[in-house]
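Biologist: I have a model open in my viewer and would like to learn how to read it feature by feature. Could you walk me through it?

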Amino acid sequence: MLNTETPSTRHADLDTYATPALLDALVDDQTAAVAAVKAALPQLAAAVDAALPRIRAGGRLLYAGAGTSGRLGVLDSVELYPTFSWPRERAVAVIAGGAGAMFVAAEGAEDDRAQGAADLAALNPGPNDVALLLAASGGTPYVLGAIEAARAAGALTIGFANNPSAPVTAQADIGITLDTGPEVISGSTRLKAGTSQKIALNTFSSALMVKLHKVYGNLMVDLKATNAKLVKRAVALTVRASGASEADAQAALAQCDHHVKTALVMLQRGVAVAEARALLDAADGSVSRALAA
């Protein structure tokens, strides 16, 4: 039996616990998710380093999964735009059962291997694309179909699973095993298996964005200021990174569509918008290099 399907021996009488003990058991079991990701850091590092040149060459991040794994892939892909201004068309996710499965479980859809292949193939993957294949069990037919289509197109394939020696990690160019073991509620991989995948995806995509100069120091300077909260954040980041007054930061941001990176170069170098953008372009988007140029 797969580790993710094996009943836990730690809390065999879970249904008898008083509420505080029940909550403690559920939360405590989640700590294994962090440990599992830490154990997989060498593979995650290899994945980032292999993906980086492909993404720099214009490739996309393509996510495929079913159920919880599929929803986590969608979540990671969607959040890259507001967080890092990453183009929506360069982070695309498919999920078993289609877009509706984000809101209504379509459990039977994960058994359709041919549909997984068709959904991934419909994205027209190429050699510069990076396919992230997600399956807690590691053997979900939909995901195995998707990895076949990605490999056939020459895309880099990165497989995530929560069981050792799983098909999706064995068939991927880089396999990442997040060995979280049995769930405290047997088989419910929305718990620590899902948590570990969320951490791993966040870690992978965030590291990639840092390498792509979407971060200055540890500041999120390439965010998309699409609402009032994010506009305030853009001002605060500009003030913090430049040392300028709030008024000067607001004035600079107003001239460059609230793009923090551009505002920083304008303020630090004392240049207009066009020159700031040119400096950033010449520095491959790196604020540090644009300021040093």
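Predicted model: local features only at pLDDT ≥ 70, side-chain atom pairs only at ≥ 80, totals over all residues.

Biologist: Which residues of H1 are buried?

Modeller: First the cut-offs: buried means under 20% relative accessible area, exposed over 50%, and partly exposed in between, using a 1.4 Å probe and protein chains only. In H1, the buried residues are Ala-25, Asp-29, Ala-33, Ala-36 and Val-37. Viewed down the axis of H1, they fall within an arc of 140°, so they line one face of the helix. That arc is taken from the directions from the helix axis to the C-beta atoms.

Biologist: Why do residues three or four places apart point the same way?

Modeller: An α-helix has 3.6 residues a turn, so residues with that spacing point the same way. On the other side of H1, the exposed residues are Pro-20, Asp-24, Val-27, Thr-31 and Lys-38.

Biologist: What do the buried residues of H1 pack against?

Modeller: Their partners are helix H2 (41-56), strand E5 (174-177) and helix H7 (192-211). Contact here means heavy atoms within 4.5 Å.

Biologist: Now salt bridges. How many does the structure hold?

Modeller: The rule is a side-chain nitrogen of Lys or Arg within 4 Å of a carboxyl oxygen of Asp or Glu. The structure holds nine. In one of them, Arg-10 pairs with Asp-28, with the closest N and O atoms 3.0 Å apart. This pair links distant parts of the chain, 18 residues apart: Arg-10 is in the segment before H1 and Asp-28 in helix H1. Both are partly exposed, Arg-10 at 48% relative accessible area and Asp-28 at 32%.

Biologist: And which residue does Glu-148 bridge to?

Modeller: Glu-148 bridges to Arg-113, with the closest N and O atoms 2.4 Å apart. Glu-148 sits in helix H5 (residues 141-152) and Arg-113 in helix H4 (residues 113-121), 35 residues apart.

Biologist: Are Lys-261 and Asp-222, which also meet in a salt bridge, buried or exposed?

Modeller: Lys-261 is buried, with a relative accessible area of 5%, and Asp-222 is buried at 5% too. Their N to O distance is 3.7 Å. Lys-261 lies in helix H10 and Asp-222 in the loop between H7 and helix H8 (228-242), so the pair ties together parts that are 39 residues apart in sequence. Elsewhere, salt bridges that share partners join Arg-10, Asp-28, Asp-29 and Lys-192 into one network.

Biologist: How about Thr-262: where does that residue lie?

Modeller: Thr-262 lies in helix H10, residues 260-269, and is buried, with a relative accessible area of 1%. Beyond its neighbours within four places in sequence, its contacts are Cys-256, Val-273, Ala-276, Arg-277 and Leu-280.

Biologist: What counts as a pocket, and which residues are closest to the centre of the largest pocket?

Modeller: On a 1 Å grid over the protein atoms alone, a pocket is an open set of points where a 1.4 Å probe fits, with protein on both sides within 12 Å along at least five of seven lines; lining residues have an atom within 4 Å of a point. The largest pocket holds about 390 Å³ of space. Of its 18 lining residues, the closest to the centre are Leu-212, Lys-214, Lys-261, Asp-284 and Gly-285. H2, H10 and helix H11 (273-282) each give two or more residues to the lining, and the largest share, three residues, comes from H11.

Conventions: Residues numbered from 1 in each chain as written. Heavy atoms only, no water. Helix = DSSP H or I, 4+ residues; strand = E, 2+ residues; numbered from the N terminus. Points joined across faces, edges and corners; volume = space filled by probe spheres on them.
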